[in-house]
Amino acid sequence: ETLAKKMISSATTKLSAEEPLLTKYDTIVGDGDCGITMKRGATEVASRLENGSLPVDHPVTLFAALADAVSASMGGTSGVLIEL
């Protein structure tokens, strides 16, 4: 398992676990969908990492694939900004 795979897996796990807190804060200052949106993106990235469709051997292909995963799973302003 590569360092990139370990780091991405850790980040997706943490983002998913923090969904309730992100949603709570976004409910106070926004429309309340930030946590749900982040978890949806994290779940998609984790799924692609697990099934091998997220290439971790080169940064260019990795970041392009991450942008595709975010684009396919996250909506709203957060999704667009993270995709960039």
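This report walks through the pocket, a surface patch and the salt bridges of a predicted model.

## The largest pocket

Let's start with the open space. The largest pocket holds about 230 Å³, and 13 residues line it. Nearest its centre lie Thr-12, Leu-15, Val-45, Leu-66 and Val-70.

Three helices, α1 (3–17), α3 (34–50) and α4 (59–73), each give at least two residues to this lining. The largest share comes from α1, with 5 residues.

## A nonpolar surface patch

On the surface you will find a nonpolar patch made of Leu-21, Tyr-25, Ile-28 and Val-29. Together, these four residues have about 440 Å² of accessible area.

Leu-21 belongs to helix α2, which covers residues 19–29. With a relative accessible area of 36%, Leu-21 is partly exposed; patch members need over 30%, so Leu-21 passes that cut-off.

## Two salt bridges

Side chains of opposite charge can pair when their charged atoms come close. The structure has 2 salt bridges.

One joins Glu-18 to Lys-14, with 3.1 Å between the closest N and O atoms. Glu-18 is partly exposed at 27% relative accessibility, while Lys-14 counts as exposed at 51%.

The other links Glu-44 and Arg-48, whose closest N and O atoms are 2.6 Å apart. These two residues sit 4 residues apart in helix α3, so about one helical turn separates Glu-44 from Arg-48. Glu-44 is partly exposed, its relative accessible area being 25%.

Note on methods
Residues are numbered from 1 along each chain as its sequence is written. This is a predicted model: local features need pLDDT of at least 70, side-chain atom pairs count only at pLDDT 80 or more; totals for chains, interfaces and linings use all residues. Side-chain values use heavy atoms; hydrogens and water are left out. On a 1 Å grid over the protein atoms alone, a cavity is a set of points where a 1.4 Å probe fits but cannot get out, and a pocket is an open set with protein on both sides within 12 Å along at least five of seven lines; lining residues have an atom within 4 Å of a point. Grid points are joined across faces, edges and corners, and a volume is the space filled by probe spheres set on the points. Patches are made of residues with over 30% relative accessible area and no salt bridge: like charges are joined within 9 Å, nonpolar side chains (Val, Leu, Ile, Met, Phe, Trp, Tyr) within 5 Å. Accessible areas come from the Shrake-Rupley method with a 1.4 Å probe; for residues, only the protein chains shown count as cover. A salt bridge is a side-chain nitrogen of Lys or Arg within 4 Å of a carboxyl oxygen of Asp or Glu. Buried means under 20% relative accessible area, exposed over 50%, partly exposed in between (1.4 Å probe, protein chains only).
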